[in-house]
Amino acid sequence: MIGARLLHQQWLSLVICGLILLKADAGSVGITYLQNAVAKGAVCLDGSPPAYHFDKGFGAGVDNWLVHMEGGGWCEDVAKCVSRRNTDLGSSKQMVKQFGFSGLLSSQQKSNPDFYNWNRIKVRYCDGSSFTGDAVDPANNLFFRGNRIWEVIIEDLLAKGMRNAKNAILSGCSAGGLASILHCDRFRSLLPATTKVKCISDAGFFMHANDISGGKHIEEFYGKVARLHGSVKNLPASCTSRMGMKPELIKNVLAPTAVDSGKAWKSCKLDLKKCTPAQLKIIQDFRTQMLSALSGGVNSSSRGLFIDSCYAHCQAGKQITWSSDSSPAVGNTKIAKAVGDWYYERSPVQKIDCPYPCNPSCPKVDDSD
């Protein structure tokens, strides 16, 4: 519920909870389809080729690479994946040909001073499994090939110059933020030992905890995702080896709609100002659990945190929440500066906000959203 950001190096990550879809501050970037990936079985849910948008680096940034993975939830059963198959989250045929880069991906020095001239790539999300699956359902003509998509796109970028990177970042938002955590070690291993590599997870840290019903509905949900897509074998062994007989349990949220049958949380989820005192207490307790879950290894200088108390989702990808005059700040530090300071190690970054609703810099929530 409350926004969280976690920055970290190599197998560690940045979590930044973000906001709303707003107009980009830079020119549109054309789409690249990997037609040759089809022969390798690296395809979207409908069998179409994977795709990404690539804005080339310039000046001092020509040897620096930022790969950002799109988010968009998951599909946990055949029916959901079939309905997703004919959208831009399941088919590259439905994707826009031009995509405006903003925030972390912006080419404008003023709004993105640390990364504006890097090679910046937005990887489109069309598999429904956070780029982890490797299975096929011939009966329903569905392809669960998220892991192969990730591999062929990274392979293509390596061939286009990323193999010589001096600096590199793997990032993502929401489902893409989870992917940045799950693929961070492999990303590091594919680049030269001399490359400075870090990973950013924007709103992609999903804590394993009980939901409002006292149960674990989302645990069951993601178990279905992992089994349907054949994801377990592609999850990092450093995680799954600690999870006993349930290596698929990597996601949870506080108030999923499926356990809120009476819709008591509907208004609260749309606008925290409409939460009851009892609901706010549950949210604050969840915040405490999350901070506790993140506490292990936080004192490491390679790991960064930017945790604000804004009710928002995915803040790194849009200028309005990245580095504008109205962007959220924690201790007078905005997200863009926190990420730059953390990546270049100008100073340790472990910014943790006071509890909601203390932060006046948080964006307003649209009641009708």
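Tryptophan 74 is buried, with a relative accessible area of 14% (buried means under 20% relative accessible area, exposed over 50% and partly exposed in between, with a 1.4 Å probe and protein chains only). The model is predicted, so local features need pLDDT of at least 70 and side-chain atom pairs count only at pLDDT 80 or more, while totals for chains, interfaces and linings use all residues. Residues are numbered from 1 along each chain as its sequence is written, and side-chain values use heavy atoms, with hydrogens and water left out.

Rings of Phe, Tyr and Trp (its six-membered ring) pair if their centres lie within 6.5 Å; planes under 30 degrees apart count as stacked, over 60 as edge-to-face and the rest as tilted. By this rule there are 13 aromatic pairs. Tryptophan 74 and tyrosine 222 form an edge-to-face pair, at 5.8 Å centre to centre and 90° between the planes. Tryptophan 74 lies in the loop between strand E4 (64-69) and helix H1 (78-85) and tyrosine 222 in helix H5 (residues 217-229), so the pair ties together parts that are 148 residues apart in sequence. Helices (H or I, at least four residues) and strands (E, at least two) are DSSP runs, numbered from the N terminus. Tyrosine 222 is buried, with a relative accessible area of 1%.

Phenylalanine 115 and tryptophan 118 also form an edge-to-face pair, with 5.1 Å centre to centre and 85° between the planes. Both phenylalanine 115 and tryptophan 118 are buried. Ring pairs join Phe115, Trp118, Trp342, Tyr343 and Tyr344 in a cluster.
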